[in-house]
Amino acid sequence: MDGKVKEQKRHQQKHSGPKAERKKLRKQGGSTEEDERKRNPKAFAVQSAVRMAKTFHRAQDIKAKKHHIPLVDRTPLEPPPVVIVVVGPPKVGKSTLIRCLIKNFTRQKLGDICGPVTIVSGKKRRLTFMECTNDINTMIDLAKVADLVLMLIDASFGFEMETFEFLNICQVHGFPRIMGVLTHLDSFKNNKTLRKTKKNLKHRFWTEVYQGAKLFYLSGMVYGEYQTQEVKNLGRFISVMKFRPLVWQTSHPYVLADRMEDLTDPERVRTDPKCDRTVSLYGYLRGTYLKNKGQVHIPGVGDFQVADVNFLPDPCPLPDAQKKRALNEKERLLYAPMAGVGGVVYDKDAVYIDLPANHVNQQQEEVRPTTELVQSLIDTHATLDAKIAASKVSLFSGSASLNPTDMDQQSGENEGPQEELVWDPNTQRERRKVVFAEEEEEEDGSGSSDDEDGDSEESDQEEQEEDEDKDFLSTFIKEARTESDAKGGAPPVKKQKLEEKRGEGEAGAEVPVFADSEDDLEMSEEESEEEAEAGRAGDSGHCSEEDEEESDDEGEEEEEDDDDEESEEDSVEEDDGAAAASESEEEEEEQGALRWKEGLQQKASEAFLRQQEAAPNLRKLVYGLVVAKDEDDEEDEEELGGLFRVSRPQKSKKFQANALDCSRFNPDTSHNWDLEEMLNSIRDCFVTGKWEEGQDAATLLKEDEELYGDFEDLETGQIHKGQTGQQDQAENSENDDEDDDDEAEESLVRLDDEEIQKNKRIEKKRRLKERFDAEYDDGDATYFDDLKEEMQKQAELNRAEFEDVDDETRVQYEGFRPGMYVRLEISSLPCEFVTNFDPHYPVILGGLGSSEGNVGYLQMRLKKHRWHNRILKTRDPLILSLGWRRFQTIPLYHIEDHNGRHRLLKYTPQHMHCGASIWGPITPQGTGFLAVQSVAGTKANFRIAATGVVLDLDKSVTIVKKLKLIGYPYKIFKNTSFIKGMFNTMLEVAKFEGASIRTVSGVRGQIKKALSTPPGAYRATFEDRLLMSDIVFLRSWYPVSVPQFYNPITSLLLPVGQKDSWEGMRTLGQLKHDLGIRNKPKTDSLYKPVVRAPRRFNTLHIPKELQKALPFKSKPKQQQPKGKTPRDLQRPSVIREPHERKVAALLHALSTVHNYKKKKAHTAQHAKHKEFLQQKEKQEVAKLKRQKEARKKLYRVMGQMDQKKQRSSLKGASQDD
């Protein structure tokens, strides 16, 4: 073939003809269906009304199945981060996936994944990643708080039991959104096998979750990480995913703690290491509103009372609402305190500030301030808390001095770390200290693509921001050093302790959370310092904090002048307010002695106001401190030092909700009623003023004329014409193109033109009809749409209620709202919680309802899981996950009979629901639960034993078990018998009088009355006469009490590495197995050989009179005994001689031989005859065959002869004849 391969003929595509035309239409997006419908309408007509109705019903059913019951949207404007739980068996790639997603969103690398990791993924969404270990306790806890579950599956191995266990846990506790991720796909070398495996895994995953559930494929790894494009696609899906609210989560507040701090006094810990600890836990509040001093449950620890709750500045805030395509590097925040990331790391006894490597090197080259800072900290004599409370620092020249709380508020914005690997000798691992990589921006979570054209501009902007970061940090460290040298203070970075928080509630509450300007910030600090120096003993409650601040506003102008002078000097002073007050007093003295006459009217009005304000402030008395709101509404946001903006979460509006206290009345004397503007401001309050359009009398009269038009007075006959001015105005209200007043003036000119009036009336009627049709003939509007619209209105109303109130006041009214970063202080926690703390295990604070802290009886409906290989036994301890709690209890299983009786079951049914009663925490009805038999380690079989739901919360159900009492008759009188052995006393018999009894043979009876002797015997009547061998039994029902056993699982208190080995009460079988006890059966329960004595029945006795009356056939003849034969008829016995005996024996032997030979010959003859019969049968068969052949031959010859005769008869007679 010369090495040449013959080229196959290519397919020639058609360029003309009907097929090509259809292809062209399909490419253009058009459809040929309409043309066919026009060309052949009969083909598209209704062929069957029944089939069409079925099709319509099916389409409506599918549409209705997609509907969910609409719920009120209670998500706040700034929702908390979405909790994403990464689940999977060991070594499937969970940590790698979290690292890749974090790198995708934030451009930063994270080493060890410890605890929750919060990142900003887009302009309106934050994500919290949490890795779920193989421990069943962690799986149960995280399934209750997860919003999205990333389920990792090893495609090379297939599904593992942990995947199905977690799916069943999610189904019980509210099903979150679930996305499957297939890993280890690079182990497949064959493409066909890979496709087949993907298809099988996908359909099995759809079976467990729902049809069409998203399954991602991570095809392989490059340098230990998944491919960038695949991770980016997964991040896009996560960023735009919508979540349906789950009932348990939306009705309970909960916090997934991302930081833990021990506040216990170190001296107390030193003297008593086992003392209870006071711990503060930090995290984002989720679910619903949290009230202070409430009760929370920490799964794995127990129930606790919250000592105090505070909200803190968001450590991972959302970016400013600006119209831009992607986030810049400074807004790609990462917050993971347990993993050592996030600006400030709090250790047990120290605070570490992570700085980027370039900042640290620059400072060390210049002056090495870190050594001096450490030296100043070592030489201190005062406590750190006192220094932090007293110290203030100025970040920039001319800016206000900041106290530690302000630093905490801005700490989330000032983070800009770089990666630095530090070896930790304590934990023997590398810790990544600082992170902020200089990489190009990537698209945000809403799925927008990168703007490649603007990459260069963005990179320049990032470099400029980093330079500003360096300048800021160098200034900050310099000023912190100078202040520490001057005052012996510490850098104001560490969080305040509990005592400072309490002091902050008293003296520091007046500081504005978000100041509108630097002057406001300084002024509020000076006021707080002056009040602290004055040392107010208490508050009478007669004035609010707004009034206290108003009294200090008079010297504001002088303070501003002083601040301008101080800003030129680059120094930080604490007595700015005192200096400003002294300077203002000197200026007043210099201006002369006649100043006291000025402003007498104003002084008098202020005295009157003070007298009026003596009325108590009810709001302050009820809710405590009331925080004033800054009234300066500036349109342009000022920047601090040109770098940071003052963040204002509240919208700047003129009015604030609840700003005016209804319990006080402040007469306003500042109005000058001689001015024309003041008179015009109240002119509309009177009848002659201009009212609203729906209340103005003139407008209403004109509308009436427009509505009724021309009419005729029937009494006088006079015809009244309707004016058209208002008609024009009504028309122009809908057509906003022209001015209303001009149209009204033009319409008044055309009053006499009847033709125009008629046309306008017709046009108006047409518009009204169109509006009516649009409102009532809308076919798409359904009840479901109306319900959704109603829920939407309710959600908007909920948001607008407290929209303009500042956070401090809002928290007092409605509690801490979801989305806030809160600090919960809990006292009397076990010391093991702190000493054995492991950040890999989640710490969840679940808020409890008003009655959920109590323990009582619960009625449940339970079903054994179909994959659990053993049925459950009553009174065996079982571990339940119910609500937030995990606890061990002893259930009693029962089933309801048709008559309403709850009968105790020894074991759960195999494939059926049954009732269960337990003693446990009160949980709302309808709450799902799951049961496991053990949480220690992993077992080979399926761990989830049963699932169910709570039905009742009381002891209304009485569980009974069957009890059979046995007795024996000892006297029988016809149908009455005396029974003994069933009861012991007459009192017991009296209790059961009238009870139904029966015998083993089925004879029914009733207990009548107790007998005097023997004790416990009674008289009973039966349907028939009993026998002495009968056994009588009474079937009764005995009430069973539910054991009061409730043992919370305290897995978080176990040492590190042993948290999955919690063991509670063991079952009876486990105890016998562990202790080597062999079960000794009861002797009564053993099987014995049944020995039955033969029954001897008495003969049937028929009286003689009856025998005479019987016919001869029925008379007992055979049963008559035979009489003895007389002696003469008895045959005498013959005694033979010896010779005769020999002869008889010989004859017997000969006869035996003869009989044998005869029998043998008969057998041979029978066999011979049988053979003869067979031969004869064969001969008969051959004979019949020969006869059959002869018969056939004969019939053939006869047939031929008949045919010849017929032919000859047809030809006629022969000529010879």
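1. Let's start with the sheet. Seven strands form an open sheet, running S6-S5-S4-S1-S3-S2-S14 with mixed pairing. The edge positions go to S6 (215-217) and S14 (334-335), and each of these has a single partner strand, so one side of each lacks a neighbour in the sheet. Bear in mind that all of this comes from a predicted model.

2. At the S14 end, the partner is S2 (residues 117-120), and the two strands run antiparallel, joined over two bridges.

3. On confidence, the protein chain averages a pLDDT of 75, with 64% of its residues at 70 or more. Residues 408-422 stay under 50, though the model still gives them 55 contacts beyond four places in sequence. Another stretch, residues 648-665, is also below 50 in pLDDT, and there the model has 40 contacts beyond near neighbours in sequence. I'd keep both stretches in view when reading the contacts.

4. Now for the surface. Ile966, Tyr968, Val1000 and Ile1031 together make a nonpolar patch of about 360 Å². One of these residues, isoleucine 966, lies in strand S35, which spans residues 959-973.

Conventions:
Residues are numbered from 1 along each chain as its sequence is written. This is a predicted model: local features need pLDDT of at least 70, side-chain atom pairs count only at pLDDT 80 or more; totals for chains, interfaces and linings use all residues. Side-chain values use heavy atoms; hydrogens and water are left out. pLDDT is the predictor's confidence in each residue, from 0 to 100. Contact means heavy atoms within 4.5 Å. Patches are made of residues with over 30% relative accessible area and no salt bridge: like charges are joined within 9 Å, nonpolar side chains (Val, Leu, Ile, Met, Phe, Trp, Tyr) within 5 Å. Accessible areas come from the Shrake-Rupley method with a 1.4 Å probe; for residues, only the protein chains shown count as cover. A salt bridge is a side-chain nitrogen of Lys or Arg within 4 Å of a carboxyl oxygen of Asp or Glu. Helices (H or I, at least four residues) and strands (E, at least two) are DSSP runs, numbered from the N terminus. Two strands pair if DSSP finds at least two bridges between them.
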